[in-house]
Amino acid sequence: MWQEVIVGLCVIAAVIFLVRRWLFPSVNKSAACGGCGGCDKTSASSCSNPAEKNL
Amino acid sequence: MSTPIRFALIGNPNCGKTSLFNRLTGARAKVANYPGVTVERRSGMVTGLTQPAELLDLPGTYSLFVTSPDEQVARDVILGQLPGERRPDLLVAVVDACNLRLGLRLVMELKTLNRPMVLALNQMDEAKRRGISIDTAALSQAIGIPIVETVAVNSQGVNALRKLLDGYAQQPPLAEGEQTLAISDRQESVEALYAEIESLMRQYVIAPAQMPRWQDRLDALVMHPLIGLVVLFSILLVIFQAVFAWASPLVDLIDAGFSGLGELVGALLPDGILKDFIVEGLIAGVGGVLVFLPQILILFFFILLLEDTGYLTRAAFLLDRPMRGLGLSGRSFIPLLSSFACAVPGIMATRTISDPRERFITIMVAPLMTCSARLPVYALIIAAFIPQQTVWGIFNLQGLTLFALYFAGVASAALIAWIMRRRSGREEFPLLLELPSYRWPMAYHLFMGLRERAWIFVRRVGTIILALSIVLWFLATFPGAPEGATQPAIDYSFAGQLGHWMQPFFAPLGFNWQMCIALIPAMGAREVAVSALATVYAVGEESIDVALGSALAASWSLPVAYAYLAWFVYAPQCISTIAVVKRETNSAKATAFFTVYLFALAYFAAWATYQIASAIVA
């Protein structure tokens with residue numbers, strides 16, 4: 001049972017991550033961020049794509 | 001809390017603004033030895049000042065009379081005309097000491113704004129090496145602007161500049177006044193400006209009559225319309241050979257590491273869902289993609305090397321004429337080149353293109369340049385289906401195949417650009433790019449560039465690819481096979497059902513339902529096609545790379561493999577690319593056209609490849 005719980009939580013976390021990333025990008029995210037997937041960050045200050053970084 | 005004082009770096013393209021920005025702020029923004037790297041304004045806090053101060057790094061511009069969208073950004077920020085942007089308190093004009101005449105034009109225009117300004121005379125080391133002598137103190141007095149000599153790439157003069165900025169930051173702020181651009185771009189005004197610059201150059205600069213002869217000779221060779229193309233073609237061929245030939249030992253090492261990890265986890269954990277999840281979902285999914293890191297790094301090593309030597313701008317000039325035949329120009333070269341890394345920054349880099357129609361066409365064809373996310377898919381299928389044999393004594397057949405795939409993308413982009421341009425009238429915009437000096441590549445730039453690419457890739461693997469692999473494993477595992485099932489369990493899973501549902505549509509292309517499943521997560525990130533295939537073919541504890549290759553070789557025919565490769569040459573672009581096309585074109589219609597045409601192209605190319613290859617094999 002505990003194995004199913006761990007796996008279930010991981011799957012839910014992955015789904016939430018993807019939904020947040022594509023459907024509800026953070027309001028802190030740079031307006032210029034195209035979500036290139038080059039970083040996992042949602043704030044402009046941590047964007048590592050120089051072509052997109054726009055504080 | 002008071003608003004920090006704001007400085008802005010402004011100067012010609014490729015004069016070293018971003019290097020200076022990195023040195024002053026401690027940032028690690030990309031720098032390269034070609035113009036047009038910065039297309040948006042970038043911001044950071046200056047380190048080492050007694051007061052907080054923000055520094056803006058603006059796209060390069062030759063004049064305040066702008067011709068392209070990126071130059072417009074620089075001008076609007078300087079003039080305080082960008083909505084929501086505060087006007088900078090002090091301008092830091094950056095001028096390449098080797099191109100003083102060109103830099104002074106912008107400085108003299110900026111001077112008419114009557115704004116506080118300092119001048120950073122950058123690349124002084126290179127100027128001295130070329131025998132250029134500048135009487136900085138006298139020039140400063142003549143133009144009434146403090147000048148600091150800098151060599152941004154190794155921090156020389158950066159502290160002096162910082163001290164000057166600190167001194168300014170401690171002064172009471174000046175009242176905001178109205179400003180207008182006091183000069184015009186009328187011919188007589190430009191002539192007067194140049195006369196003034198020539199006078200300054202005569203009085204304060206001693207320069208040798210010619211550039212170093214070896215650079216001229218090299219330029220005559222690499223920019224020759226015919227020999228230059230042969231040189232470019234040869235360089236690219238060597239790069240793609242190296243991607244396969246050099247990467248193998250490292251790929252094998254990473255592969256062995258993940259295989260060992262899979263076996264270890266398999267031995268430690270009791271049989272059950274958790275073990276399946278970790279071994280077949282996480283390790284196979286993530287490991288299957290991460291093994292391609294060496295190939296990506298080798299590709300970028302060469303691109304960075306060419307960037308840093310100054311060759312890439314020559315390539316842009318070289319390709320200007322052939323590209324004009326297609327309706328594009330050398331200006332499209334750098335956005336298209338950037339797209340080999342990722343289409344997103346490539347599409348954003350089209351802002352340097354003055355002609356709106358050319359910009360639109362470049363956006364439409366940029367994703368046909370093979371981005372690094374496609375490399376794992378190509379590498380997997382090539383390794384599984386193309387024998388590792390030498391051709392014509394020197395070439396590796398796998399490397400040649402990879403070259404052919406990249407070439408197919410480029411050739412298709414050329415054809416589509418030509419068709420699109422024929423459908424619209426054209427206006428000639430001459431290519432104006434500054435030709436940088438050749439220089440020995442700097443190990444620091446190479447290291448930083450490779451570190452950035454490696455980090456971007458590893459982060460993608462650790463986030464989006466990991467998440468997609470988990471979801472995919474779940475869809476491929478649940479629901480389990482019913483009692484008395486005769487087919488493999490995945491046939492009954494959600495993924496299996498989806499694959500079976502999609503398969504009739506892709507049947508003319510020869511795709512089986514497992515291949516159809518992999519197409520869906522590949523829309524999120526192309527590399528996930530590899531982990532998706534690892535999941536649906538249930539590759540786990542064995543050597544992931546080898547085992548998956550063997551599984552594909554056993555279940556796909558050669559025409560099917562070719563068709564799958566053709567699909568990925570044109571594949572409908574990832575979600576991020578579609579989003580950035582929407583933003584850059586600001587048109588739902590253009591975005592819909594972009595998505596549909598690429599999908600249709602991918603479908604047709606895969607269909608044609610499959611049919612032709614099947615006919616040949618038969």
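This is a predicted model: local features need pLDDT of at least 70, side-chain atom pairs count only at pLDDT 80 or more; totals for chains, interfaces and linings use all residues.
Let's start with the overall make-up. Chain A has 55 residues, of which 35% count as buried, and its secondary structure comes down to one helix and zero strands. Take the contacts in chain A with a separation of 6 or more: residues 24 or more positions apart account for 3% of them. Chain B has 618 residues, with buried ones making up 48%, and you'll find 26 helices and ten strands there. For chain B, the share of contacts (again with a separation of 6 or more) that join residues 24 or more positions apart is 72%.

Now look inside. The largest nonpolar core holds 132 residues, and the members that touch the most others are B:Tyr378, B:Ile381, B:Leu533, B:Tyr564 and B:Leu565. Helix H19 of chain B, residues 443-477, gives this core its largest share, 15 residues.

Next, find helix H21 of chain B, residues 513-522. This helix is mostly covered, with nine of its ten residues buried. Among them are B:Trp513, B:Gln514, B:Met515 and B:Cys516 at one end of the list, and B:Pro521 and B:Ala522 at the other. What does the covering?

Two packed helices are described by the angle between their axes and the distance between the axes. Here, helix H1 of chain A (residues 2-22) packs against H19(B) at an angle of about 125 degrees, with the axes 9 Å apart. That angle is why H1(A) counts as oblique to H19(B). The crossing of H1(A) past H19(B) is left-handed. On the chain A side, the contact is made by A:Cys10, A:Val11, A:Ala14, A:Val15, A:Phe17, A:Leu18 and A:Arg21, while H19(B) brings B:Ile464, B:Ala467, B:Leu468, B:Ile470, B:Val471 and B:Phe474. Sorted by class, this contact between H1(A) and H19(B) has twelve nonpolar residues, no polar ones and one charged residue.

Notes
Residues are numbered from 1 along each chain as its sequence is written. Chains are lettered from A and ligands numbered from 1 in the order in which they are written. A nonpolar core is a set of buried Ala, Val, Leu, Ile, Met, Phe, Trp, Tyr and Cys residues joined through C-beta atoms within 7 Å. A residue is buried if 20 or more other C-beta atoms lie within 10 Å of its own, exposed if 12 or fewer, and partly exposed in between; C-beta atoms are placed from the backbone. Helices (H or I, at least four residues) and strands (E, at least two) are DSSP runs, numbered from the N terminus. Two residues are in contact if their C-beta atoms, placed from the backbone, lie within 7 Å. Axes are lines fitted to C-alpha atoms, for helices over the stretch in contact, and angles run from 0 to 180 degrees between N-to-C directions. Angles under 35 degrees count as roughly parallel, over 145 as roughly antiparallel, 65 to 115 as roughly perpendicular and the rest as oblique. A crossing is left-handed if the near helix is turned anticlockwise from the far one by less than a right angle, and right-handed if clockwise. Ala, Val, Leu, Ile, Met, Phe, Trp, Tyr, Cys and Pro count as nonpolar, Asp, Glu, Lys and Arg as charged, and the others, Gly among them, as polar.
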